[in-house]
Amino acid sequence: MPAKIIETNQTPFERIAVDPITLDIIENALRNARTEMDATLFRTAMSPGIREQGDAFPLIAEKDGRMIVGQFGSFLDGFLKGYNGALEEGDVIWLSDPYSCEGAISHVNDWLIIMPIFRKGRVISWALHFGHQTDVGGKVPGSLPTDATSIYQEGIRIPPVKLYRKGEFQEDILRLVLANTRMTEWCRADLIAIVASCRIAERRVNEICDRFGDDLYVSACQDLLARNRRAMAQLIQTSISTEKLTFEDYICDDGRGFGPYKIKATMWREGEKVILDWEGTDPQSESSINFYLNENMLKMFFGVYMIMVFDPQILFNDGFYDLVEVRIPQGSLLKPDFPAALSCRTHALGRIFDVLGALLGQRAPEFLNAAGFSSSPHLMLSGRYRETGKYYQLFQIGFGGIPGRPFGDGADGHSLWPNFTNVPNEFLEAYFPLRIERYESIPDSGGAGKHRGGNGIRISYRFLEPGMFAIHDDRWFIKPWGVNGGDPGERSRKILVRANGATTILPSKCDDIAVQPGDLLHYDTWGGGGWGDPLDREADLVGLDVRLGLVSVEGAKRYGVVCAANGAVDLGATEALRAALRASRPAAGIFNTGGDVESLRARCEAETGLPAPVPPREQLVAHRMAAE
Amino acid sequence: MAYRLGVDVGGTFTDLLLLDDASGEAWREKVPSTPHDPSVAVVEGTLSVCGKAGVQPADVRLFMHGTTVATNTVLTSTGARVGLVTTEGYRQVLQVARSFVPGGLAGWIIWNKPPLIAPLDCTVEVPERIGADGAVVRPLDEAALRAALQNLKAQNVEAVTISFINSYLNDAHERRAGEIAREIFPDIPVSLSAQVLPEMYEYERALTTCANSYVRPRVAKYVHNLKTQLEASGMRANMNLLRSDAGLMSFEKAQESPVNLLMSGPAGGVAGALWVCQQSGFKNLLTVDVGGTSTDVALIENAHPRVTRDTECGDLKVRATSLDIRTVGAGGGSIAQVNPLTGALRVGPESAGAVPGPVCYSKGGDKPTVTDANVVLGYLPEELLGGAMKLDRPAAAASLQPLADSLGVSLQQAAKGVYDIVNENMMGALRLISVQQGYDPREFALVAFGGAGPLHANALGRLLGSWPVIVPPSPGVLCAFGDATTRLRAERARSLTKTFADMTDADVARYLDELANEVAQELEAEGVPRSDQELILEAGVRYSGQAFEVALPVKRDQFTGNGLQQLGDAFDAEHLRAFTFKLDADRELVTLRATALGKASNIQATQLPTRAAKGGWPFGKKKDGDLSDAIIRNHRLWADGEEHDAVIYDRAKLRAGDKINGPAIVSEMDSTTVILPGHAAEVDSHGLLLIRPV
């Protein structure tokens, strides 16, 4: 039964004409309001994941819950369908259960606040905001257990509850939840900051209504949705074919030795509608890499990717949703059955972007970017100081290489996630028992191309106190592919050097690794794939990268460039090498994945130092054998 | 006799203001700027204004100057080739930066990273390490450092930056490295990060110090040149530049830390606007400075401009104290277009700049701009006072017509749309500094200046509800006022980052005494005796765990027992005001800051005569309220959906007490004021136009 919204004023809004200029003004005013939501949260939140890195997503929706400004599309639809209760003025909803909102948030670390904005007895808008909490309890610090087999192991799961009931704060609920996290103060502060940012949105919406009138505001929201729809309809018509296009990519493993997991999508147009069908995606995993993919969020990703190169200033909204149909097989990695574990969905979330980019770019290779979104590498560290016994816990997100793009080289060690930043190392050292000995991009890790893929990053953590860490990363087995003749980027890897010098290569996903003072972790992320033929890159640019230390003298040869350590190019030798390479290489396809899964499997141990993952279909066999 | 001289160098004019410290009497001069060597106009103007006053340059005791030389160096990418020395493992501190990609989701698809301010081939790393407790983890390897510096020498760097990890806690390695660098590079400037910015966050500190290095040679050359020229003219004054935070610093200091000059020019405008408005009793102000490509806005509360720790200049965002001036890419030259796909009207941030400029300037511009919209609407008359240039209205109309066609509206409606949208963009910036900081714009007056500010002022006042809208006379003179009336200033901060529980009132009192003493000594060295100094103390507080602190005023005397308690309460109250909530969490004292200010000048505001007081012709002849002698001509302008009859007035002929009913235009040499229908402007006794709804 859908949510019942109790409005004391039954008068329907009057649909009135809005001139195009007023429309732009309202759009700008809402854009400013969203910026203020961000600013309020970042200034007042406490966890590094939110205050330094920006792992939080605000939005403002129109009266029926469709997003007008925001990033990931509306979080509201699934909640409204599934909430079996009434909403009144002054109510503020809090939830973290992905199964309660059709995956609008996708793991229980994300705390979502939903605030209906009532005005004169009617809902005129909605403010929503969610942020990733450093810890929500469960079996491991950070609440992202790789080996979880159900959501019950992943920390406290909050169904939609009223944090405010008719304006009254429900302190008991907060106390109940906070008792279930390891980081009570951060969670409390961050939650209150999220609510504060929604209050800011509420104020701004009210001001806009004061200025223009309620009917005009509501009408303008409808017009903004319609405007977006018109633009998207035209784009879809001109750039999506009725012919079916397919792309598949993989999550390398599930943290339990099985992998890779295939994510497959097929895209085509029927009339004015685009179909995105994920048939062929592997069944859900028994571990926590499942990603409960919200259909609306995927539509938003699709839309933003489509339009970014055409009108970057546009404020994307939900208006075009009926132009996109998303089909996701129930029980697959992207729509797992309850109570599948979901905490480590970040790898699949990243992979969705690579797959979407590849699908959209196939028809327009000039708009095709290489692979780069590969994951959102996490480090979770916790322990107690020996002297004081004080508990510490860190959740940090790393970054890799931006892929080579039609617009130019990918940046080294930058964020593909919107508005994210890294944690300053001096901050880490001041607040955690760590010394960051090295923080730099890894030469040659970006895929060669006419436009080079960005390099991945090496962070070398020296541990100063005993503790435990967990790592979640991907792209250690399947390479970040290059396009239009570009090479794949380097894969990620994690190396633990004990104080006594013993060195281990760690799996890309692992929990509960105990460390002692003096141990050192090299955390290497992936490089972005290359775009275009590396032999077409200006030799001087390759020489410059060598001089800057971003490409090695040896690595320059992938571009067919022979140069000295100072980057001085030997033109004769370069010409000869390029000619030889051109003559000997096979013809390039659109995508260069660096080999199929079987050949990667065969070379895995030699190249990565880790055993090849076992195909997921053999899990059942393994289970049966274990049972016997 | 002691005089002070304020000088503002603008793109077109150099304005000078000479003040007699004793009597408060003032003399003005305006000479054409000399962009190839700005000091030529400065010296020429100085001699001229001294001549007017009948004094010698040697009689000038204080020379005060707001400059855009650092700003322009950054905006035109013409700074030094900067060498950077980092801790081993951190050579790419600028390359990786904060990993931030602008543009939101999928913004990375179209973003290209701008070049580094210190290129990687001019960056070297050396073995050394300070820990997070300030202790030496690894000693500085001096031999390796020397070898690395020799490499930099081979790269022909023009300025050297040293920025080591955790140097904000212990700068011993940086200082030693600085000594060695000065040995190896005796002729080029060396900047140390712990001196330029003794604060946590390695990227921000390195970037800020590199920015300092980047502008340092140009600023040093400019300052040296100016000083030499002025001294040759006989001047013996204490010479100072206006800093980004509207304090003053000596020429010598400016050559060491020019990163504090990036907002020098705009700060002069804000300081001048404040001074001028304060004479008429306005202390709460929103300032709007509209130029050709951008608009700068700032908020002044109770006669104090808000200050921020970040300075933004083009792509560069550094940690240096400046007035909280926000810039939006919206100005007279901003280009208007209709996006073919979405059908949305966009204005800026692309700008036609000075070249080719707006279409109506007839200098080759063919894209419609905000200025063209102003011409079409009749806000900007074709004939400008004092300007040799005539604006081409038909060409402006022709350039806007395609926009009107694709929007399906009339030409005037399209022009009004451009005008409204650019106003909305400006309002977005004003909102950031007001509403977002918890201030209600309706409690502020709005003061507009810059070439195009007075065109948009009335409309902005209406959007924000900020009344009166104040238009001070002549924008150039305004900055010179700001320069001349600024007080000498010295500032020191101490980074603490300790929870209140770990401190006592006695600790805080001791730190404050140390800081206060340091700033007092610095001003004494500049020639200001302690008896003439004013001391301001400030504490930066946050809840333990937050990233940003809130600055709060403190008094030395309060820390005698429950001072920290009082400070905590004040912080809670401010947090509640700004962010809608407070927390029951540990509070943390992040920084203490002391600022010493020199004596304020006692300059008297200009008194504009009233018509009655003036007596004889032309002012006394007409009956009260008759402004006919100030009328240039009749005119028509478009507002509120229709065309109106309007009158153009000559500002120079207006007198105190005059009242102009809108719609009207007031024209002066370097700006034009629009008074919209339903509003009226009153000329106050200091010559300000005060616009209010009727």
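**A helix pair and its surroundings**

Guide: In chain A, the axes of helix 1 (residues 20-44) and helix 6 (residues 214-239) come within 10 Å and cross at roughly 90 degrees. Helix 1 of chain A is therefore roughly perpendicular to helix 6 of chain A (a term for angles of 65 to 115 degrees). Axes here are lines fitted to C-alpha atoms over the stretch in contact, with angles from 0 to 180 degrees between N-to-C directions. Helices (H or I, at least four residues) and strands (E, at least two) are DSSP runs numbered from the N terminus. The model is predicted: local features need pLDDT of at least 70 and side-chain atom pairs 80 or more, whereas totals for chains, interfaces and linings use all residues. Residues are numbered from 1 along each chain as its sequence is written, and chains are lettered from A and ligands numbered from 1 in the order in which they are written.

From helix 1 of chain A, Thr22(A), Leu23(A), Ile26(A) and Glu27(A) meet Tyr217(A), Ala220(A), Asp223(A) and Leu224(A) of helix 6 of chain A; contact requires C-beta atoms, placed from the backbone, within 7 Å. Five nonpolar, one polar and two charged residues make up this contact. Nonpolar covers Ala, Val, Leu, Ile, Met, Phe, Trp, Tyr, Cys and Pro, charged covers Asp, Glu, Lys and Arg, and polar the others, Gly among them.

In domain 1 of chain A, 32 residues are in contact with 37 residues of domain 2 of chain A. The side of domain 1 of chain A that touches domain 2 of chain A has eleven nonpolar, 15 polar and six charged residues.

Strand 30 of chain B (residues 664-668) has five of its five residues buried, so it is largely enclosed by the rest of the structure; buried means 20 or more other C-beta atoms within 10 Å of a residue's own. Strand 28 (residues 642-650) of chain B runs parallel to strand 30 of chain B and is joined to it by four bridges. Five bridges link strand 30 of chain B to the antiparallel strand 31 (residues 671-675) of chain B, and a hairpin of two residues joins strand 30 of chain B to strand 31 of chain B.

Definitions and conventions
Two residues are in contact if their C-beta atoms, placed from the backbone, lie within 7 Å. A residue is buried if 20 or more other C-beta atoms lie within 10 Å of its own, exposed if 12 or fewer, and partly exposed in between; C-beta atoms are placed from the backbone. Two strands pair if DSSP finds at least two bridges between them. Angles under 35 degrees count as roughly parallel, over 145 as roughly antiparallel, 65 to 115 as roughly perpendicular and the rest as oblique.
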